[in-house]
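Visitor: I would like a close look at one part of this structure. Please take it slowly, and then show me what surrounds that part.

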Amino acid sequence: MSPLLSVQDLRVTFDTHRGPVEAVRGVSFDLGRERLGIVGESGSGKSQTGRALLRLSAANGRVTAKRMEFDGIDLMTASERTLRAIRGARISMIMQDPRYSLNPVMKVGDQIAEAFRIHSTADKRQARARALEMLETVQIREPEKVYQMYPHQVSGGMGQRVMIAMMLIPNPDIIIADEPTSALDVTVQMQVLALLDDMVRDRGMGLILISHDLNLVASFCDRVLVMYAGQVMEVIEAGKLQNAQHPYTRGLLSCVPELDHPQDMLPVLQRDPAWLTG
Amino acid sequence: MSAAGPMIEVQNLNVTFGQGRTELHAVRDVSFDIARGESFGLVGESGSGKSTVLRAISRLSGNWTGTVRIDGAELGRRRDRTTARQMQMVFQDPYGSLHPRHTINDILMEPLEIHRMDRRGARVLQALDEVGLGIEMRFRYPYQISGGQRQRIAIARALILEPEILLLDEPTSALDVSVQAEILNLLKTLQRERGLTYLMVSHNLAVVAHMCERVAVMNRGQFIEELTTAQLRSGTPTQDYTRQLLSASGQYSRDTAKSFVTFE
């Protein structure tokens with residue numbers, strides 16, 4: 001089976017007044033109908049990788065790749081019109097903080113309905129019905145009531161459920177979730193992940209989960225790319241996190257305090273320039 | 001002042017926001033003691049009131065009732081210079097807590113000027129050294145340094161007045177895990193060297209267990225239970241709420257996530 005998305009030697013460079021900065025340096029991976037994690041610390045290029053896939057890099061960013069193909073479409077040469085038809089409808093993105101990604105002056109239900117109407121020929125009433133169904137799918141208890149709410153009236157967890165409903169309503173093939181649960185409490189975080197888990201299973205989607213939390217992502221995804229300074233250090237299969245080989249991955253794992261592993265002082269991560277190639 | 005009594009003593013602390021119909025009772029009848037040189041942690045989810053407890057003790061929020069004693073002396077409503085010097089705070093976000101147009105030198109000098117302390121230049125250099133930063137940082141601006149370095153500056157600013165108590169409000173939750181490790185190590189070392197008393201607020205159970213000897217779990221403004229780090233580590237809390245928080249803090253499990261309930 002050919003992958004949904006195939007990326008080879010992806011590079012993102014930003015032109016700044018101090019000269020070019022390479023944020024992503026030669027990232028390659030294939031994505032099937034699976035859950036792929038991209039993990040790294042701030043500045044590792046994980047978010048820029050996600051954005052480049054949708055050609056949403058900032059204006060001063062240059063994206064190059066030997067190949068970046070989605071379902072037979074070359075994303076590198078695709079027209080803006082083709083890209084618009086892909087964004088949201090076939091590949092959609094969930095951002096970190098619902099408070100900043102939702103329109104503050106529009107009812108959340110109308111925002112979900114709008115996402116549906118833009119990508120279909122449905123009329124207002126059909127879109128409203130679909131939005132209500134979708135709110136139920138993301139386990140919101142009183143969909144009719146929540147439909148009428150504005151973003152400031154919903155909690156963080158509910159806001160993220162609304163975002164997920166909005167991203168899922170056009171039935172995309174791939175979801176890119178950039179730190180979708182980092183702004184949430186741990187219990188809500190688990191519930192939102194379980195929801196994404198269900199959606200990916202039931203609809204057979206591909207999911208790219210971008211996060212700084214290696215332990216959490218490795219317990220959730222089928223495969224994890226560990227990124228550092230724009231490059232992939234290591235690819236880890238699910239459940240094999242403890243066998244990680246790369247010193248960066250090992251360092252990331254050991255510097256986190258753990259409940260069942262008390263230690264007086266935490267080991268500090270030593271970075272080695274030799275990790276970077278090219 | 002008695003050296004034998006607790007360093008921080010809080011009795012029946014209540015904090016409310018707003019009035020009448022919209023009144024919110026954010027902290028309800030919270031009491032605890034912290035011994036000199038001890039670390040005490042407050043954990044809970046957002047809205048549980050854990051930061052509000054800290055802000056009431058530091059008197060950044062005014063509407064509280066109850067008794068707070070610092071080293072035996074009862075705290076007044078208003079901030080005064082003596083307790084301000086005795087008790088300093090480190091905030092969560094080192095991007096928001098440092099003045100963007102002040103150099104590191106200005107930031108570290110300001111408390112010294114307010115408290116009319118001597119040898120200011122020497123104290124600034126010493127403070128930088130103690131948090132592991134070089135003197136080349138002195139005339140830089142916050143935007144020129146990394147998040148971890150900023151949090152070191154925030155700690156240096158708190159320590160420059162030689163306080164006995166540090167109030168730590170999620171001091172590492174905005175940082176990468178590798179930087180978090182460095183800051184937690186620094187805080188531990190400083191505590192040992194100076195015999196500091198820490199009151200630390202965090203949503204991260206593992207971080208609190210790493211830093212503190214005792215932990216109080218909060219939900220909806222109340223203490224659900226108080227337990228030692230050993231009890232927390234061995235997974236033997238007595239309350240369901242704590243148990244759920246513990247199971248959510250580990251790795252992802254679909255079944256665990258489905259079993260969660262809401263606690264009123």
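Visitor: In which helix of chain B does Arg123(B) lie?

Guide: One point comes before the tour: this is a predicted model. Now to the residue. Arg123(B) lies in helix 4 of chain B, which covers residues 120-130. Arg123(B) counts as buried because 20 other C-beta atoms lie within 10 Å, and 20 or more is the cut-off for that word. Which residues does Arg123(B) touch, leaving aside its neighbours within four places in sequence? They are Leu112(B), Met117(B) and Ile160(B). Leu108(B) is 15 residues from Arg123(B) along the chain, and their C-alpha atoms are separated by 8.8 Å.

Stay in chain B and turn to its sheet. Strands of a sheet pair through backbone hydrogen bonds, either parallel or antiparallel. Here, 4 strands of chain B form an open sheet in the order 2-1-4-5, with antiparallel pairing. Strand 2 (24-34) and strand 5 (73-74) of chain B are the edge strands, and each pairs on one side only. Follow strand 5 of chain B to its partner. Strand 4 of chain B, residues 64-70, is joined to strand 5 of chain B by 2 bridges, and the two run antiparallel. One pair to find is Arg69(B) with its bridge partner Glu74(B), which sits in strand 5 of chain B.

Next, see where the chains meet. On chain B, 29 residues are in contact with 28 residues of chain A. Several elements give two or more residues to this side of chain B: helix 6 (177-194), helix 7 (205-211), helix 8 (229-233), helix 9 (240-248) and helix 10 (254-258). Helix 6 of chain B gives the most, with 7 residues. By class, the residues on this side of chain B are 13 nonpolar, 9 polar and 7 charged.

Pick out one helix pair between the chains. Two packed helices are described by the angle between their axes and the distance between the axes. Helix 8 of chain A, residues 186-203, packs against helix 9 of chain B at an angle of about 55 degrees, and the axes are 8 Å apart. That angle makes helix 8 of chain A oblique to helix 9 of chain B. The crossing of these two helices is left-handed. Who meets whom? From helix 8 of chain A come Val186(A), Thr187(A) and Met190(A), and from helix 9 of chain B come Gln244(B), Leu245(B) and Ala248(B). This contact has 4 nonpolar residues, 2 polar residues and no charged ones.

Cross over to the strands of chain A. Strand 8 of chain A pairs with strand 7 of chain A (residues 91-94) through 4 bridges, running parallel. Strand 8 of chain A also runs parallel to strand 9 of chain A (residues 206-211), joined by 5 bridges. Let Ala177(A) be your landmark. Ala177(A) is the bridge partner of Ile94(A), and Ala177(A) also stands opposite Leu209(A) in strand 9 of chain A.

Finish at a hairpin. Strand 10 (residues 223-228) and strand 11 (residues 231-237) of chain A run antiparallel, with 6 bridges joining them. Tyr228(A) has Gln231(A), in strand 11 of chain A, as its bridge partner. The hairpin has 2 residues between the strands, and Ala229(A) takes a positive phi near 50 degrees there.

Technical notes. Residues are numbered from 1 along each chain as its sequence is written. Chains are lettered from A and ligands numbered from 1 in the order in which they are written. This is a predicted model: local features need pLDDT of at least 70, side-chain atom pairs count only at pLDDT 80 or more; totals for chains, interfaces and linings use all residues. Two residues are in contact if their C-beta atoms, placed from the backbone, lie within 7 Å. Ala, Val, Leu, Ile, Met, Phe, Trp, Tyr, Cys and Pro count as nonpolar, Asp, Glu, Lys and Arg as charged, and the others, Gly among them, as polar. Axes are lines fitted to C-alpha atoms, for helices over the stretch in contact, and angles run from 0 to 180 degrees between N-to-C directions. Angles under 35 degrees count as roughly parallel, over 145 as roughly antiparallel, 65 to 115 as roughly perpendicular and the rest as oblique. A crossing is left-handed if the near helix is turned anticlockwise from the far one by less than a right angle, and right-handed if clockwise. Two strands pair if DSSP finds at least two bridges between them. A residue is buried if 20 or more other C-beta atoms lie within 10 Å of its own, exposed if 12 or fewer, and partly exposed in between; C-beta atoms are placed from the backbone.
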